Amino acid sequence: MYCCNVVGIFFLRRWMAGGWCHSRARLDGKTVLITGANTGIGKMTAVDMARRGAKVILACRNLDKAKSAQEEIIKASNNSNVSIVELDLASLESVRKCAEKVNKEEERLDILINNAGIMACPRWETKDGFEMQLGTNHLGHFLFTNLLLDLIKKSAPARIINVSSLAHVRGDIYFDDLMLRKDYVPWKSYRQSKLANVLFSKELAKRLEGTSVTTYSLHPGAVDTELPRYMTRSMSFVVGTIVMYVVFPVLKFLFFKTSEQGAQTSIHCAVDEQAGLQTGLYYSDCAVKKASSKANDAEMAKKLWEMSAELVGLEKKVD
């Protein structure tokens with residue numbers, strides 16, 4: 001009986017690990033920028049990109065963690081062409097400064113991976129007064145991507161990848177209260193921001209038709225990273241303690257992917273040859289999957305784009 005249980009757990013964990021990117025594509029001479037690349041799936045994606053010969057730029061808020069990650073990525077990949085730029089997605093000023101630096105110093109940008117994110121935090125606000133999850137997960141990346149578009153288009157064929165989540169399926173865009181001032185619930189906010197990621201990719205794909213720049217959104221899976229660190233903030237001390245020290249460890253052991261496993265779909269979207277022939281699609285486990293009906297709502301995507309552009313003060317629109 002014990003052996004059967006062990007074997008069952010082994011196959012369960014193998015199944016939960018999901019798909020794997022098998023492409024051997026090289027990225028020599030290409031430049032890849034990854035937001036939030038100092039930890040978790042962003043860091044493992046950076047290791048893979050560096051191993052393929054790319055110049056890798058880590059765009060991170062915490063420079064101390066970024067420097068440690070930089071050293072580990074260089075060591076793991078045997079590629080010293082790994083640099084750091086400071087980027088705080090919760091500050092439009094920081095986003096603009098970072099984009100300006102990249103545009104000034106880089107001759108090309110072949111792959112942009114919008115990976116950074118925050119999940120289920122209390123109702124915090126960004127430096128510009130946006131609700132934190134929408135501001136960081138969507139608006140910061142929205143502005144950053146648009147400010148880098150000329151460089152990306154000049155580097156075509158190029159790819160833009162937005163890390164979303166299966167949580168988008170239950171999400172909605174609350175246009176009448178986008179910052180959820182009237183009814184803030186951490187998971188409600190997170191789902192909205194992840195739906196926004198998919199809608200952004202869809203609308204961006206439409207606006208980039210004919211440029212040879214392709215866009216992707218994806219669900220990385222349930223991954224054992226630092227992302228859920230705020231989840232117990234809204235719970236009582238007793239419940240939070242049980243969840244943190246009993247429930248989470250069991251769930252992580254049985255169902256969560258490692259960071260390397262969780263990075264595979266991001267890597268697939270960045271390098272897979274077949275994926276490069278398509279645009280605006282949603283991926284999970286290294287394969288195209290059906291996004292929610294709201295994620296495929298063209299009018300909603302257009303309306304969100306226009307509202308986002310107004311909120312971040314975007315002056316130059318995509319051709």
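Let's start with a charged pair. Glu72 and Lys43 meet through their side chains in a salt bridge, 2.1 Å from N to O. Keep in mind that this is a predicted model. Glu72 sits in helix 3, residues 63-77, and Lys43 sits in helix 2, so the bridge ties together parts 29 residues apart in sequence. Are the two partners buried or exposed? Glu72 is partly exposed, with a relative accessible area of 41%. Lys43 is buried, at 18%; the cut-off for buried is under 20%.

How many salt bridges does the structure hold? The count is 14. Let me pick out a few others.

Asp110 pairs with Lys30, and their closest N and O atoms are 4.0 Å apart. Asp110 is in the loop between helix 4 and strand 4, while Lys30 is in the loop between helix 1, residues 2-16, and strand 1, so this pair ties together parts 80 residues apart in sequence. Asp110 is buried, with a relative accessible area of 2%. Lys30 counts as partly exposed, at 27% relative accessibility. Arg108 joins in as well: Lys30, Arg108 and Asp110 are linked in a network of salt bridges.

Then there is Arg26 with Asp28. Their side chains form a salt bridge at 3.0 Å, N to O. Arg26 is partly exposed, at 48% relative accessibility. Asp28 also counts as partly exposed, at 48%.

Look at the strand 8 end. Strand 7, residues 281-284, pairs with strand 8 in the antiparallel sense, over three bridges. Ser284 stands opposite Ala287 in strand 8.

Next, what packs on this sheet?

Last topic, the nonpolar interior. In soluble globular proteins, nonpolar side chains tend to be buried together. Here, the largest nonpolar core has 48 residues. Which of them touch the most other members? Leu33, Phe144, Leu148, Ile152, Ile160 and Ile173. Several elements supply at least two residues each, including strand 2 (55-60), helix 4 (92-105), strand 5 (158-163), helix 6 (186-207) and helix 10 (298-312). Helix 5, residues 132-154, is another. The largest share comes from helix 5, with nine residues.

Take Phe144 as a close-up. Leaving aside residues up to four places away in sequence, Phe144 touches Leu33, Thr35, Leu87, Val95, Cys98, Ala99, Leu112 and Asn114.

Key. Residues numbered from 1 in each chain as written. Predicted model: local features only at pLDDT ≥ 70, side-chain atom pairs only at ≥ 80, totals over all residues. Heavy atoms only, no water. Core = buried A, V, L, I, M, F, W, Y, C linked by side-chain atoms within 4.5 Å. Buried < 20%, exposed > 50% of the residue type's maximum accessible area, 1.4 Å probe, protein only. Helix = DSSP H or I, 4+ residues; strand = E, 2+ residues; numbered from the N terminus. Contact = heavy atoms within 4.5 Å. Pairing = 2+ DSSP bridges.
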